[in-house]
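Reader: Could you walk me through this model, starting with its surface and then moving inward?

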Amino acid sequence: MAIKNALLVDDSKVARFALSKLLESRDMEVNMAGSAEEALDFLSSHGRPDVIFMDHLMPGMNGVEATKAIKGNPETAGIPIIMCTSKKSSSFMEEARNFGVYNILTKPPQTEGLTEVLDQLASDVTGGTLPEPPAETASSPNDEDELLNFPADASVELSPKTGDSASRSNPQANVVPLTSELIEQIARSAVKTHINNRLHELLSSLFDEQFDHLKRALDESRSKQDAAIEERLNAVTDMVEERTRNLRDEVAAEVNLNLGSELAVLKKELKKNSGFTSDHMAELKDHITSVQTIDTEFWQTLQSEAIQQAHEISRETAEDIAQRTIDLFVAQQRSAASRIYTIGLAVSLGIFSVGIAWLSGLFG
């Protein structure tokens, strides 16, 4: 199972920024909290992260107390916690694991160490070998304090005066006398803890101020650099446009000059070759002769075809006239024969009538 998101708890902006960049380079989603109290509020109102990177020393609730609070809540007890601290001794690591820390990441974090810790965490999550959260969170002394060899149920009281027989006759096994050495040791431990916390706050504030100052300086430098680059780009653009315009004018002038020269040469050639030369005349004569030959052949062909068509038309006309003449002659012959027949018939009738009359007179 890959580790996809993390909660980063640290009161230093510089430390949060540095570690967040390393985590984001591994394509992880990073949420950040500036204190242990803010981290607890985040866990109560947001989803559960895959891992929590907890700073060791913070103002207010420190990393150890925050880890105990997270492990004491059943809803968040299963989240692996990696303690970020500059203290990495074997005794501290063992003590940290006792109150629920999964592993230690040395500050300032390095890429190799972070990779090793996250790979081991991914392997344990995949294999189900994550350590179980502690059943009871045992109280432990402050990590920056010197360990005092007190019994677990010991109490402290003032040392009895010398010669106090009652105290000598009723000693208590678990009562630690409050000697000057013990007071000095407790005071030294409290002062050391106070100094360490105050020094941590001052260093964190100093780092934050340096980070903010550096960020402002970088932003201003970036803005100036962008403005300078923009100005330089504009200057280069104007220069390119000016040179392009000049180059365009020079190219146009050169083209016009070359065209003028070519036209002048062509004009001279045309003047030199104006009129017909002997070669042109010979070509023209050959062309006219070929055209004339073609025309003569065409007219001869056309004439022969016209004569043939005239002969056919004449023959057809003569045949038509002869046919009409024959038809007319036949008609006239028929008309003449009809007239002769009529005349003969009339003469015959006349003679017959005369004969009848004669015979009638003769026999009368």
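Author: The accessible surface of the protein chain is about 26100 Å², and 58% of that belongs to carbon and sulfur atoms, with areas computed by the Shrake-Rupley method with a 1.4 Å probe, where for residues only the protein chains shown count as cover. This is a predicted model, in which local features need pLDDT of at least 70 and side-chain atom pairs count only at pLDDT 80 or more, while totals for chains, interfaces and linings use all residues. Residues are numbered from 1 along each chain as its sequence is written, and side-chain values use heavy atoms, with hydrogens and water left out.

Reader: What does the secondary structure of the protein chain come to?

Author: The protein chain has eight helices and seven strands, taken as DSSP runs (helices H or I, at least four residues; strands E, at least two) and numbered from the N terminus.

Reader: OK, and in what order do the five strands of the open sheet come?

Author: The order is 2-1-3-4-5, with parallel pairing, where two strands pair if DSSP finds at least two bridges between them. Strand 2 and strand 5 (103-106) are at the edges with a single partner strand each, so one side of each has no neighbour in the sheet.

Reader: How many bridges join strand 3 and strand 4?

Author: These two strands pair in the parallel sense over four bridges, and methionine 54 stands opposite methionine 83 in strand 4.

Reader: Switching to helix 2, which of its residues are buried?

Author: In helix 2 (residues 36-45), Ala36, Ala39, Phe42 and Leu43 are buried, where buried means under 20% relative accessible area, exposed over 50% and partly exposed in between (1.4 Å probe, protein chains only). Seen down the axis of helix 2, these buried residues fall within an arc of 115 degrees, so they line one face of the helix; the arc is that of the directions from the helix axis to the C-beta atoms. Asp41, Ser44 and Ser45 are exposed on the other side of helix 2.

Reader: And what covers the buried residues of helix 2?

Author: The cover includes strand 1 (5-9), strand 2 (29-33), strand 3 (51-55) and helix 3 (63-72).

Reader: Which residues does leucine 43 touch?

Author: Not counting residues up to four places away in sequence, leucine 43 touches Leu7, Pro49, Ile52, Ile70, Thr76 and Ile79, a contact being heavy atoms within 4.5 Å.
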